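Reader: I would like to go through this entry and ask on what grounds each label is given. Please set the values against the definitions.

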Amino acid sequence: MEVGFLGLGIMGKAMAMNLLSNGFKVTVWNRTLSKCEELVEHGASVGETPAAVVKKCKYTIAMLSDPPAAISVVFGNDGVLEQMCDGKGYIDMSTVDADTSSKISKAITEVGGRFLEAPVSGSKKPAEDGQLIILAAGEKALYEEMLTAFSVLGKKDFFLGEVGNGAKMKLIVNMIMGSTMNAFSEGLALAGRTGLSPETLIDVLGLGAVGNPMIMMKGPTMLKSNYSPAFPLKHQQKDMRLALALGEENALAMPVAAAANEAFIRAKSLGLGDQDFSAVYEAVKAEGLKQ
Ligand SMILES: NC(=O)C1=CN([C@@H]2O[C@H](COP(=O)(O)OP(=O)(O)OC[C@H]3O[C@@H](n4cnc5c(N)ncnc54)[C@H](OP(=O)(O)O)[C@@H]3O)[C@@H](O)[C@H]2O)C=CC1
Ligand SMILES: O=CCCC(=O)O
């Protein structure tokens with residue numbers, strides 16, 4: 001199977017690499033073209049533009065940072081739409097809101113193309129290991145044609161129906177994750193302020209129901225102030241913002257998520273946007289202290 005791949009950030013690079021090592025022919029493009037080089041060393045071809053990739057490949061996957069990036073790669077100069085035509089499939093795996101996904105779907109299908117949104121749960125390591133959870137929605141037949149690729153990229157996929165449902169599910173999952181990370185950070189900070197050992201807190205949590213995989217994996221690195229990015233904090237804040245908008249559209253107040261969003265905004269303002277999302281702990285710890 002020959003696929004195009006647009007966007008070689010933390011996730012896209014690992015996913016494209018997985019496809020290559022599982023026998024797929026992959027043509028890659030990245031806005032910063034130099035990031036294609038490592039993939040080329042592993043057998044990928046390079047498309048000079050998103051349009052060139054779509055022209056060459058029947059199926060093109062995108063893994064881009066946010067709604068403006070997803071829109072610009074499709075609608076911009078030399079973008080996906082310029083070569084989209086009958087029978088070609090576009091699979092957007094970026095985390096965006098349902099409106100962005102629907103706008104892209106409409107434009108693609110109006111010119112005869114086929115569209116699937118397929119955001120993922122799971123971070124850098126699951127992407128490297130092919131253990132993502134894929135939340136697909138859109139054209140069912142395209143979903144079925146992508147199952148071979150999805151089985152390489154992920155450990156489980158869900159087909160959730162019409163375009164927008166994958167985006168909504170993904171935002172809800174990440175809203176819960178961001179809120180949980182904030183509650184955990186406050187717990188660690190409070191343990192420290194009260195003279196208790198944060199390490200012991202993690203041990204206690206690990207023995208009970210609250211010690212989920214995220215807490216047990218991130219806790220020790222947070223205590224070492226190691227925030228090498230797996231999931232950049234700026235993307236977590238984007239997801240909180242988009243989830244809050246989804247809540248508002250559905251008349252659901254979400255004060256816990258709103259407070260977590262504020263903490264991520266504060267962390268960004270402290271220059272932590274490119275660090276792992278667990279760096280919100282630094283912003284929480286700094287609260288109430290003289291900067
Ligand atoms: N990291 C994670 O754990 C997970 C991330 N996600 C989601 O996956 C997506 C990608 O995440 P991740 O790989 O971590 O992000 P990165 O920040 O590492 O990569 C972002 C990618 O988007 C590209 N990009 C950004 N802006 C534009 C633009 N205007 N035009 C074209 N390309 C652009 C970047 O290109 P360039 O290299 O030129 O900057 C890069 O390829 C996001 O939507 C994120 O929320 C989902 C699950 C897990
Ligand atoms: O969107 C990022 C999700 C990260 C994760 O699921 O661990």
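**Grounds for the labels**

Author: Helix α11 (residues 213-223) has Ile-215, Lys-218, Gly-219 and Met-222 as its buried residues. The model is predicted: local features need pLDDT of at least 70, side-chain atom pairs count only at pLDDT 80 or more, and totals for chains, interfaces and linings use all residues. Residues are numbered from 1 along each chain as its sequence is written, while chains are lettered from A and ligands numbered from 1 in the order in which they are written.

Reader: What do the buried residues of α11 pack against?

Author: They pack against α9 (165-193), α10 (198-206) and α14 (280-286). Helices are DSSP runs (H or I, at least four residues) and strands likewise (E, at least two), numbered from the N terminus. After α11 comes Ser-225, with a positive phi near 50°.

Reader: Why is Lys-170 called buried?

Author: A residue is buried if 20 or more other C-beta atoms lie within 10 Å of its own, exposed if 12 or fewer, and partly exposed in between, with C-beta atoms placed from the backbone. Lys-170 has 29 other C-beta atoms within 10 Å, so it is buried. Lys-170 belongs to helix α9, and UniProt, in an unreviewed entry, lists Lys-170 under "active site". UniProt positions are in the numbering used here, feature names are shortened, and annotations may be inferred rather than shown by experiment.

Reader: Which residues does Lys-170 touch?

Author: Leaving aside residues up to four places away in sequence, Lys-170 touches Thr-95, Pro-119, Ser-121 and Leu-135. Two residues are in contact if their C-beta atoms, placed from the backbone, lie within 7 Å.

Reader: What makes Glu-186 partly exposed?

Author: Glu-186 has 17 other C-beta atoms within 10 Å, so it counts as partly exposed. Glu-186 is also in helix α9.

Reader: How do you know that the protein has a domain 1 and a domain 2?

Author: The domain assignment gives domain 1 (2-162) and domain 2 (168-286); such bounds come from an automatic or database domain assignment. The C-alpha centres of domain 1 and domain 2 are 28 Å apart. In the contact between them, 13 residues of domain 1 meet 15 residues of domain 2. The side of domain 1 that touches domain 2 has 5 nonpolar, 4 polar and 4 charged residues.

Reader: On what grounds is a residue of that side called nonpolar, polar or charged?

Author: Ala, Val, Leu, Ile, Met, Phe, Trp, Tyr, Cys and Pro count as nonpolar, Asp, Glu, Lys and Arg as charged, and the others, Gly among them, as polar.

Reader: What makes a residue part of the shell around ligand 2?

Author: A residue is near a molecule if its C-beta atom, placed from the backbone, lies within 6 Å of it. Thr-95, Ser-121, Gly-122, Ser-123, Asn-174 and Phe-231 surround ligand 2. This shell has 1 nonpolar, 5 polar and no charged residues.

Reader: Which domains does the shell around ligand 1 draw on?

Author: Domain 1 and domain 2 each give at least three residues to the shell around ligand 1. The largest share, 4 residues, comes from α4.
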